[in-house]
Amino acid sequence: MDKLLIEGGYRLSGEVAISGAKNAALPLLCASLLSADPLRLDNLPQLNDIATMLRLLGDMGVVIHPEQNTVLLDSSGLNNPVASYEMVKTMRASILVLGPLLARCGEARVSLPGGCAIGARPVDQHIKGLQAMGAEIKVEHGYIHAKASRLKGARICTDMVTVTGTENLMMAAALAEGETVIENAAREPEVVDLANCLVSMGARISGAGTDVIRIRGVERLNGATHSIMPDRIETGTFLCAAAVTGGDIRLTRTSSAYLDTVVDKLMDAGCDVVSERDAIRLKAPGRLKAVSLRTAPYPAFPTDMQAQFMAINAVAEGVATIRETIFENRFMHAIELMRLGADIQIEGSNAIVRGVDHLQGATVMATDLRASASLIIAGLVAQGETLIDRIYHLDRGYEHIEEKLSRLGARVKRVR
Ligand code: UD1
């Protein structure tokens, strides 16, 4: 199993390009199931989660023509509307095939995802929404069996804001008969990116980016070409990595447009952040100031940036309180950061982080994707060597991370 070896204490400087967004790419790949015409996606990141999704679509009969950061998906021969436990257990976002399969094939058999390291993560809202659209759904032997001759538009109000839930229902509604209204919809930029692609495919959608999305179903969708938005979490992660080292970096092929809360917190921590049209520049002071935060659905502070901010607070001046409101078990990285010398106290959904003068390198274990990122950030500033085990989590969501960090002057090496 690969590990990452980091020698701490080097300041990041220079320029790197940000990749396409994983969390936009995954639903966009599933959107190809909605049409018999080909869908071309550009700016596709090369990640394990993307490879898993392509394998899943391939198993269903989708013909895939991958090039380096582009893929052409041809779903004209779609013949097997099934997502097996083996697939869904490696990647929860596989649930995103449910809505499109049901809308296009009239049936789907998708494994229920289990819990995961950060919480229980049920999919009841996906199921409830599809039932409101007339689907007959049975959950048996760990599988969701869904059937509908044609879905019907409905008014759906989800019990909580769910990103993939909103995406699943929006894709299903695109081919339903009549109008669907999704209330309490997720406003995440990735939902908007998906809506934009669906509209290029001929869908009639308004309100994406607000909490009420209206979809007027059409008989069929056509092919399209779409360029995937930049990854705002990768962008935020590199900003934190530079900030903690007192660095000076410029990130290209990205934008601060979707990162307001993250950029505000970095400025509160003492960084100078300048937004350009398709780039962001960050200059950090010698030592950051502690910044408290509370995660919540977009446009509030993203849960996917919580772990990275815990790492920068670990060595900042002062005390920060971090409140996690989305996932019930998303502080696993705290224990590992403490192995590096961080002073963190967990009280339910709050973490109190008292900044220490320095961290010391040690062997630590990545527990999930963003936890891995926080350990890298800590390793970059820790004294001596940090060895991060189980970095397969990292490969699910960060494209060429060690190469990008090395280009910025970090001492990072993959150990096989
Ligand atoms: C997406 C992101 C993930 C991010 C998360 C929150 C993708 C592929 N993943 O995950 O990176 O951390 O949003 O921003 O886009 N819930 C239910 N029932 C449901 C659905 C959700 O109880 O049917 C709960 C979840 O357990 C969680 C909360 O709602 O507590 C939000 O989850 P959700 O927005 O659905 O997360 P994902 O879409 O899985």
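This is a predicted model: local features need pLDDT of at least 70, side-chain atom pairs count only at pLDDT 80 or more; totals for chains, interfaces and linings use all residues.
Trainee: What makes Cys-105 partly exposed?

Mentor: Its relative accessibility is 32%, so Cys-105 counts as partly exposed.

Trainee: How many disulfides are there, and how do you know that Cys-105 is in none?

Mentor: A disulfide is a pair of cysteine sulfur atoms within 2.5 Å, and by this rule the count is zero. For Cys-105 the nearest cysteine sulfur belongs to Cys-30 and is 13 Å away, and Cys-105 is in no disulfide. Cys-271 is in no disulfide either, with the sulfur of Cys-240, the nearest cysteine sulfur, 8.4 Å away.

Trainee: What makes a set of residues a nonpolar core, and which residues have the most contacts inside the largest one?

Mentor: The term stands for buried Ala, Val, Leu, Ile, Met, Phe, Trp, Tyr and Cys residues joined through side-chain atoms within 4.5 Å. The largest such core has 76 residues, and those with the most contacts inside it are Leu-29, Val-97, Met-170 and Leu-198. Its largest share, seven residues, comes from helix H1 (residues 22-31), where a helix is a DSSP run of H or I with at least four residues, a strand is a run of E with at least two, and both are numbered from the N terminus. Apart from this core lies another, of 68 residues, including Leu-380 and Ile-401.

Trainee: How do you know that the span of helix H2 is close to the expected one?

Mentor: The expected span is 1.5 Å times one less than the number of residues; H2 (residues 48-59) has twelve residues and reaches 17 Å from its first C-alpha to its last, close to the 16 Å expected. Among the buried residues of H2 are Asp-49, Met-53 and Leu-57.

Trainee: What makes E10 and E12 edge strands?

Mentor: Two strands pair if DSSP finds at least two bridges between them, and strand E10 (155-157) and strand E12 (204-206) each pair on one side only. They belong to an open sheet of four strands in the order E10-E11-E13-E12, with mixed pairing.

Technical notes. Residues are numbered from 1 along each chain as its sequence is written. Side-chain values use heavy atoms; hydrogens and water are left out. Buried means under 20% relative accessible area, exposed over 50%, partly exposed in between (1.4 Å probe, protein chains only).
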